[in-house]
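Visitor: Can we go through this one together? I have a few quick things to ask.
Guide: Go ahead.

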Amino acid sequence: MADITAPSGAAPRAASSEGRRMFAFLCMVFGMFMAILDIQIVSASLSEIQAGLAASSDEISWVQTSYLIAEVVMIPLSGFLSRALSTRWLFAASAVGFTVMSFMCATATSINQMIVYRALQGFLGGGMIPTVFAAAYSVFPREKQGVVAPLIGLVATLAPTIGPTIGGYLTDLFSWHWLFLVNIIPGIFVVVTTVTLVDFDEPDLALLDRFDWWGLLFMAGFLGSLEFVLEEGPTNDWFEDRWIVLFALLCGVSAVAFFARVFMAREPVVDLRAFANRNFAVGSAFSFVVGIGLYGLTYLYPLYLARVRGYSALMIGETMFVSGLAMFLCAPIAGRLMGKVDPRLMIAFGFGAFAVGTWQVTGLTKDWDFWELLVPQILRGVGIMMAMIPINNISLGTLPPDQLKNASGLFNLMRNLGGAVGLALINTVLNNRWDLHLARLHENVQWANEAAVERLDAMTRALSGLGSDAGTAALKRLAAQVRIQAEVMAFSDVFLVLTVLFVALFFAAPLLRRPTHKVEGGH
């Protein structure tokens, strides 16, 4: 019961406290934005980093792989650490580690240094992402969810989408070093505001005395090896490579040991009880597929534009900006609809928009550029926001407060693993179908094919200025055209596979239960 003798200034103080809490949360969201952005901002400029560090094509991929492997271990671990250290000190420590390692990445002079710094950056900064998700649903009352949920959904999806745009601009205007230096000032700001303003909960340092080191070791072996296999498998012919086989075995053994440890340890490093909640379990599966769509399409479009259209990193970023703009404009609409429309309908609509967008791109040709990709990218941006915001809300918004921190780590882990599995699937299908289409085209483009011979003769005449080399040059040009056409057909096949996947999720939306709103935030 309210105290009727409370001073008249109590209401303004309460409003001030609420505003302070919201500002502190927004600063945390900004830190999460930096951590997610840093994955894709680097991916757009790997060739420039490779040249700057004199790295081989095999080595440069580890700039991404090392970050992702380390991050995927920290994300589920963050639930335990957040309970032990409190939201304030875990987030501040993560922000400090991320900022320091960003500076170290900019100073790297060899590929080995870069790989080490990127791994530390991913591990130390990985705690920011799930901590923000947990705070969003445990700190704020339900009436604020219409603002908070779209905000974190927008940041989680917008950051990887606009990463190539920002990365392209920074590299083009300055140098690849600024991909990391750009984090320094914002990182310091996030650390200072977190330490001074965040007071959502208290630490429970006694938990550290019961920390399950074996569980951490098994989890690192399981998730780290899984990420390695998924990242390196498509480019190393999967189990034809002995390292892939070795890490696949390590992944299997570590997985068995990890799950056994989770159910045996007094205080497991990751608590899996949240999966007993049907909405959380199904929502996590949906988050897995959102990861495929989010990271898979953020990878596919630039790959097509670079390989087939010959776009620079800056041109790719400008083309990809459409999806980010669509997400930004759709987020407040999705937030308003969340309290008025059955969230299952929103999720179905989101995956339906995804499916329509990818279906349109199955008609891809080598001449597609910004305007042909405009509508599919808009549908992707709208679809991902309409799906992700209600998925977040259904999965995390109705869990008991004591499960939120662990559940947030698991939920974000599923999205990241979805991205890793999606990229592995996309690369494998793309390579296999490219080889298949190339073999089929080679069967048709031969001396017995009158149309092919006429095309070759025309190209030879066009290159007659080269003299006796005209025939050889024409043959090479025709072979290059055949390879590009086979690759475009392979891209089309990948978009068809993604369409089938999103259609399946469209029909799976009713598996979720509509939230009963019994669990309130602000505990």
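Visitor: Which residues of helix 2 are buried?
Guide: This is a predicted model. In helix 2, which covers residues 46-53, the buried residues are Leu-46, Ile-49 and Leu-53.

Visitor: Where do they fall, seen down the axis of helix 2?
Guide: They fall within an arc of 60 degrees, so they line one face of helix 2. An α-helix has 3.6 residues a turn, so residues three or four places apart point the same way.

Visitor: What comes just after helix 2?
Guide: Ala-54, with a positive phi of about 55 degrees. Most residues other than glycine have a negative phi.

Visitor: What about Ser-86, what is its phi?
Guide: Ser-86 is not a glycine, yet its phi is positive, about 90 degrees. Ser-86 sits in helix 4, residues 62-107.

Visitor: Is Ser-86 buried or exposed?
Guide: Ser-86 has a relative accessible area of 2%, so it counts as buried.

Visitor: Changing topic. How many salt bridges does the structure hold?
Guide: There are 5. One of them pairs Arg-307 with Glu-487, with 2.8 Å between the closest N and O atoms. Arg-307 is in helix 12 (residues 278-307) and Glu-487 in helix 18 (residues 470-508), so this pair ties together parts 180 residues apart in sequence.

Visitor: And how accessible are Arg-307 and Glu-487?
Guide: Arg-307 is partly exposed, at 38% relative accessibility. Glu-487 is buried, at 4%.

Visitor: Which residue does Asp-369 form a salt bridge with?
Guide: Arg-309, the closest N and O atoms being 3.6 Å apart. Asp-369 lies in the loop between helix 14 (343-360) and helix 15 (370-396), while Arg-309 lies in the loop between helix 12 and helix 13 (313-338), so the pair ties together parts 60 residues apart in sequence. Arg-309 has a relative accessible area of 28%, which makes it partly exposed.

Visitor: What does Asp-342 meet in a salt bridge?
Guide: The side chain of Arg-344, at 2.8 Å from N to O. Asp-342 is buried at 15% relative accessibility, under the 20% cut-off. Arg-344 is partly exposed at 27%.

Visitor: On to pockets. How much space is in the largest pocket?
Guide: About 1,500 Å³. The lining of the largest pocket has 46 residues, and those nearest its centre are Ser-43, Leu-46, Ser-61, Gln-64 and Tyr-299. Leu-46 is also among the buried residues of helix 2.

Visitor: Which helix gives the most to that lining?
Guide: Helix 12, with 7 residues. Helix 12 is also where Arg-307 lies.

Visitor: How do the lining residues of the largest pocket divide?
Guide: Into 22 nonpolar, 17 polar and 7 charged.

Visitor: What volume has the second largest pocket?
Guide: About 450 Å³. Its lining has 21 residues, with Arg-83, Pro-401, Asp-402, Gln-403 and Leu-404 nearest the centre. Helix 6 (128-139), helix 11 (242-264) and helix 16 (404-444) are the elements that give two or more residues to that lining.

Visitor: Where does the largest share of the lining of the second largest pocket come from?
Guide: From helix 16, which gives 3 residues.

Visitor: And how many residues are there by class in that lining?
Guide: The lining of the second largest pocket has 9 nonpolar, 4 polar and 8 charged residues.

Definitions and conventions:
Residues are numbered from 1 along each chain as its sequence is written. This is a predicted model: local features need pLDDT of at least 70, side-chain atom pairs count only at pLDDT 80 or more; totals for chains, interfaces and linings use all residues. Side-chain values use heavy atoms; hydrogens and water are left out. A salt bridge is a side-chain nitrogen of Lys or Arg within 4 Å of a carboxyl oxygen of Asp or Glu. Helices (H or I, at least four residues) and strands (E, at least two) are DSSP runs, numbered from the N terminus. Buried means under 20% relative accessible area, exposed over 50%, partly exposed in between (1.4 Å probe, protein chains only). On a 1 Å grid over the protein atoms alone, a cavity is a set of points where a 1.4 Å probe fits but cannot get out, and a pocket is an open set with protein on both sides within 12 Å along at least five of seven lines; lining residues have an atom within 4 Å of a point. Grid points are joined across faces, edges and corners, and a volume is the space filled by probe spheres set on the points. Ala, Val, Leu, Ile, Met, Phe, Trp, Tyr, Cys and Pro count as nonpolar, Asp, Glu, Lys and Arg as charged, and the others, Gly among them, as polar. The arc is that of the directions from the helix axis to the C-beta atoms.
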